Amino acid sequence: MQTSPAVTGFHEQFDQHGAWRREAALRLKLLGDWLDEQQLLDGGALEGLQQLIGQLRADKIMVAFVAEFSRGKSELINAVFFAGYGRRIMPASAGRTTMCPTELGWDPKVPPCLRLLPIESRLEPQALMEWRMAPERWTRVDLDVNDAAQLASAMEKVSEVNHVSVEQARTLGFWHDDRPQDNPPVDGQGRVEVPRWRHALINMAHPLLKQGLVVLDTPGLNAIGAEPELTVNLIAQAQAVVFVLGADTGVTRSDLSIWQEHLAPARSGIGTQLVVLNKIDTLWDELRTPAQVQAEIASQCEQTARTLELGSDRVVALSAQKGLLAKVRGDAALLQGSRLPRFEALLGQLVLGTRQQTLEQAVDRGAQRLQADAQRAIGVQRREWTEQLQELKGLRGKNHAVVRHMRRRVEQEKTAFDRSAAGVLAVRSVHVKLLREVFALLSSASIKKELASLAASLREPGLKLGVRKVYADGFDRLRVVVRRVIELVAEIDTMLGGAFRQLNTEHGFGLQVPTAPELQRLEVDLAAVERSHVQYLGMGNLIQLTRADFTDKLIRSLHSRVRAIFETAVGEIELWNKAASGQLDVELRERRRAFTRRIEAIQRIQDAAGGLDERLRELDQQLDALQATERELLGRVRALRESIAAQALAPLAEAALA
């Protein structure tokens, strides 16, 4: 077999990505600590910094594995993520193994465990997201992550089944009179096999999971169709979806149905799709030359790419079973023959590369905002001290009467400033009123109100042949809300701009309205949600809309997704508001401090003949120190941005070269 050049595997790339995130978070924290020591951080800037650091430390990357039954999906997960245990961890025998959607991740606040949600929860109206908030309703199995045998034994539970009557299966959503070809077989006692569990959450301190990886292992088409939240929420929000096919069969009818209904790039909105043709070892034939075998594999890849209308670079052929065996045995030749390393490198390049670039841009923008806020605060202090310096220089050689007059004038200025500053409260009251309207529009109550007609239509009995129109009307209402929010934010932005210009003119402030959030993307996000729902509600699931329990789950899933989008926008608007308010607070605080310092300086000059020269020297020293602080600020921010950019290139470059 032909050997390939060494590539950087997914583990190594994820390690680099995790190290980059930790380093970026640490450098931001150190910069924030220094700014705080220099008293250059206001409340809004501090909160924005803490959010960015939190995002870097807790960032999650979800990779969803989707396949029909017996395509080797769980074996691929074992080969990529769990080969270090020296055995299979996820059940991967012949036939159906993963019976319920299974999420693997790490939450340090929860002990290592497997949590299982009983299938009977489908009979209740709560969406999956709501069930996550009720841990007492899940069955918990503690895990010993250092005992591979115990771990594998516990994971077998995701394969457990119940045998129920046809009527019970119909109620649970696993029996469809209109689609008999999709129904499970009936045994001699008139019972059918259904999953015992609705959803599984595995919490374990695996190195990749600790660094933010979330693996979603899905069952086949039947479960995807029966669990709306799995498709319209979890899979739709994954950074990457790996669609596993059989190399010996290519794209079957059921494979094509899953792809077209749930995963196709033109319709799903999912960021990255990779297609794996698994089990190429079934094509290895000693009666044919290696070149002939490779030609057949290449032909299958090309045919698959054409059928799925996907770029050929997104189709990878491999043998997960041979890749796992090679890793366990330490067989380098077999590992290369399995083609698993190429898949791992491509997965890392596409998923981690895109995510790291997004985070790098966020860090760069955050560093620039911190620099701008700090320089603004420095500018305020420099202006106040320079004015005071010029004012005191004008007192050289003046008699006490002039000094007393100066003091009275400063006190009068302070009184006048306090009166005019009170007018700022009027501006803020209007500002707050508009913000309250924005937050009301983006609230959960507003979402329910705007989707009430959609919910009522979905709950009507009978077939919903006009479901696309119903969804279009509901999302049109949401888009109206978003456009009103954009108008209000623009109004607030204009109002702040006018108020800031007036204050700058009257008091010599240097206020600048921070850039408003880019809320236009809310319409893009809503379009993605609408697309995932409408795509999901093709003819395959139209009959299910006649069931009240199904439509209730669908509506709850929709509310949950839209609420998450709106809550993100609320957070950004709050930060923007605090950034603007923080500037004003800094200006008002420094101006009041300046009045106090000016009065104190004049008092010292009145009390002692040498007070003027002493204060002038102090002001010169303070201005020099301020200039040094600004130089250090620029140096620290430049070093942060250069370091983050340099480190961010490493995993991308290695993956690209591979």
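# Reading a predicted model: contacts, sheet and salt bridges

Guide: Of the contacts in the protein with a separation of 6 or more, 83% are between residues 24 or more positions apart. Contact here means heavy atoms within 4.5 Å. This is a predicted model, in which local features need pLDDT of at least 70 and side-chain atom pairs count only at pLDDT 80 or more, while totals for chains, interfaces and linings use all residues. Residues are numbered from 1 along each chain as its sequence is written, and side-chain values use heavy atoms, with hydrogens and water left out.

Visitor: How many helices and strands does the protein have?

Guide: Helices (H or I, at least four residues) and strands (E, at least two) are DSSP runs, numbered from the N terminus. The protein has 23 helices and 11 strands.

Visitor: What is the order of the strands in the open sheet?

Guide: Strands of a sheet pair through backbone hydrogen bonds, either parallel or antiparallel. Two strands count as paired if DSSP finds at least two bridges between them. Here nine strands form an open sheet in the order β4-β3-β7-β2-β8-β1-β9-β10-β11, and the pairing is mixed. The edges are β4 (139-142) and β11, each with a single partner strand, so one side of each has no neighbour in the sheet. On average, neighbouring strands of this sheet are turned by 20° against each other, direction ignored. Such angles are taken between axes, which are lines fitted to C-alpha atoms (for helices over the stretch in contact), and run from 0 to 180 degrees between N-to-C directions.

Visitor: In which sense do β1 and β8 pair?

Guide: Strand β1 (residues 61-67) and strand β8 (residues 213-217) pair in the parallel sense, over five bridges. Ile61 has Leu213 in β8 as its bridge partner.

Visitor: What share of the residues is buried?

Guide: Buried means under 20% relative accessible area, exposed means over 50%, and partly exposed is in between (1.4 Å probe, protein chains only). Buried residues make up 51% of the 658 residues in the protein. The accessible surface comes to about 29,300 Å², and 52% of this belongs to carbon and sulfur atoms. The areas come from the Shrake-Rupley method with a 1.4 Å probe; for residues, only the protein chains shown count as cover.

Visitor: Is Ser446 buried or exposed?

Guide: Ser446 has a relative accessible area of 10%, so Ser446 is buried. Ser446 sits in helix α17 (residues 444-450). Leaving aside residues up to four places away in sequence, Ser446 touches Ala440, Leu441 and Val481.

Visitor: How many disulfides does the structure hold?

Guide: A disulfide is a pair of cysteine sulfur atoms within 2.5 Å. The structure holds zero disulfides. Among the cysteines, Cys113 is buried at a relative accessible area of 0%, and Cys301 is buried at 12%.

Visitor: How many salt bridges does a search of the whole structure find?

Guide: Side chains of opposite charge can pair when their charged atoms come close. A salt bridge is a side-chain nitrogen of Lys or Arg within 4 Å of a carboxyl oxygen of Asp or Glu. The search finds 37 salt bridges. One of them joins Arg355 to Asp59, with the closest N and O atoms 2.5 Å apart. This pair links distant parts of the chain, 296 residues apart: Arg355 is in helix α15, and Asp59 is in the loop between α2 (43-58) and β1. Arg355 counts as buried at 18% relative accessibility, and Asp59 counts as buried at 6%.

Visitor: Which residue forms a salt bridge with Arg88?

Guide: Glu75 does, with 2.8 Å between the closest N and O atoms. Arg88 lies in the loop between α3 (73-81) and β2 (102-105) and Glu75 in helix α3, so the pair ties together parts 13 residues apart in sequence. Arg88 is partly exposed at 37% relative accessible area, whereas Glu75 is buried at 6%.

Visitor: Where do Glu530 and Arg479 lie?

Guide: Glu530 forms a salt bridge with Arg479, the closest N and O atoms being 3.2 Å apart. Glu530 is in helix α20 (residues 521-536) and Arg479 in helix α19, so this pair ties together parts 51 residues apart in sequence. Both Glu530 and Arg479 are buried.

Visitor: Which residues are linked in a network of salt bridges?

Guide: The network links Arg383, Glu384, Glu587 and Arg591.
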